[in-house]
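Trainee: I would like to learn how to read a model like this one. Could we go through it together?

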Amino acid sequence: DDAVGLILFAVSFGVAKAMISGGVDILSVVLEPLLEVVLSLLLGLVMGLLFSFFERFFHSRSKRLSMSVAFVLLTVGITLIPDLHIGEVDIHFSSLLTCMMMGTMFCNLCDFSEELMHRADRWMAPILILFFVISGAELELSVFSEGSVLIIGLIYILSRSIGKYFGANISARVTKCDKNIIKYLGITLLPQAGVALGMAMKAVELGPEGNIVRNITLFAVLVYEIFGPLLTKWALTKAGDIKPISEEVKNRRQTKLADAAQKKMENN
């Protein structure tokens, strides 16, 4: 879904940019967004192949991890090269789509990719926290003092929620899923973050209109990340996928902790 979202965003972004600049033509509306998607996928494919090839020459954990970081930074750096011009056509890349394609190629070609990704996950938390903090710091609440913007934000939140719930509900019915999936799956899809924030940051390039889009998206993510996890936990509990800890398990854990504490005291 992230890949599909990025492709649709690249096309929509190209169209919006052309409409704002007043230069709407077949090149800016169709050809340039299509080229951005295709070239980003091709660049990601090439970088993924190179990534998989060079990782095989290193065997220590630290060197493989360093190589992973280097390739991510190199790929992002290439996508940030100023737009190339071939005639009347502007050539540019989507850093998000390119990196996603690179990761897809690496994880499907490299034999030890799962082990490497597992190690990378250990230091991803602080980077993700930093990403969220920086993104949240750019939320300008003053923009919602305008009634029209506030209405648009509420319509966006409600529309997405309705789409998530009924889209999952109808799809689950069509595929004859379990009744719990039909009833609760849509609720668990409400949290929003990650790629949506990346798209919101890109939207700023559209000028004042893009700034409004960014703030609405950031505000929606704030709302979804406050209430989404709570609703997800409630839905999973109702569906029976989260079960309360039995008294027996609680007592066993408490006994284990007490024994460990006693042993520590005896050793001291």
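Mentor: Gladly! Helices (H or I, at least four residues) and strands (E, at least two) are DSSP runs, numbered from the N terminus. Here the protein has eleven helices and two strands, in the order α-α-α-β-β-α-α-α-α-α-α-α-α along the sequence. This is a predicted model, where local features need pLDDT of at least 70 and side-chain atom pairs pLDDT 80 or more, while totals for chains, interfaces and linings use all residues. Residues are numbered from 1 along each chain as its sequence is written, and side-chain values use heavy atoms, leaving out hydrogens and water.

Trainee: What span should helix α7 have, and which of its residues are buried?

Mentor: The expected span of a helix is 1.5 Å times one less than its number of residues. Helix α7 (residues 147–174) has 28 residues and should span 40 Å, which agrees with the 40 Å between its end C-alpha atoms. Buried means under 20% relative accessible area, exposed over 50%, and partly exposed in between (1.4 Å probe, protein chains only). In α7 the buried residues are V149, G153, I157, R160, A168, N169 and A172. They pack against α8 (179–188) and α10 (208–239), with contact meaning heavy atoms within 4.5 Å.

Trainee: What lies over the face of Y224?

Mentor: A charge sits over a ring if NZ of Lys or CZ of Arg is within 6 Å of the ring centre and within 35 degrees of the ring normal. Here R160 lies over the face of Y224, at 4.4 Å from the ring centre.

Trainee: How many aromatic pairs are there?

Mentor: Rings of Phe, Tyr and Trp (its six-membered ring) pair if their centres lie within 6.5 Å; planes under 30 degrees apart count as stacked, over 60 as edge-to-face and the rest as tilted. That rule gives eight aromatic pairs. The rings of F53 and F54 are edge-to-face, because their centres are 5.3 Å apart and their planes at 75 degrees. F53 also forms an edge-to-face pair with F57, at 5.2 Å centre to centre and 75 degrees between the planes. F57 is exposed, at 54% relative accessible area, whereas F53 is partly exposed at 46%.
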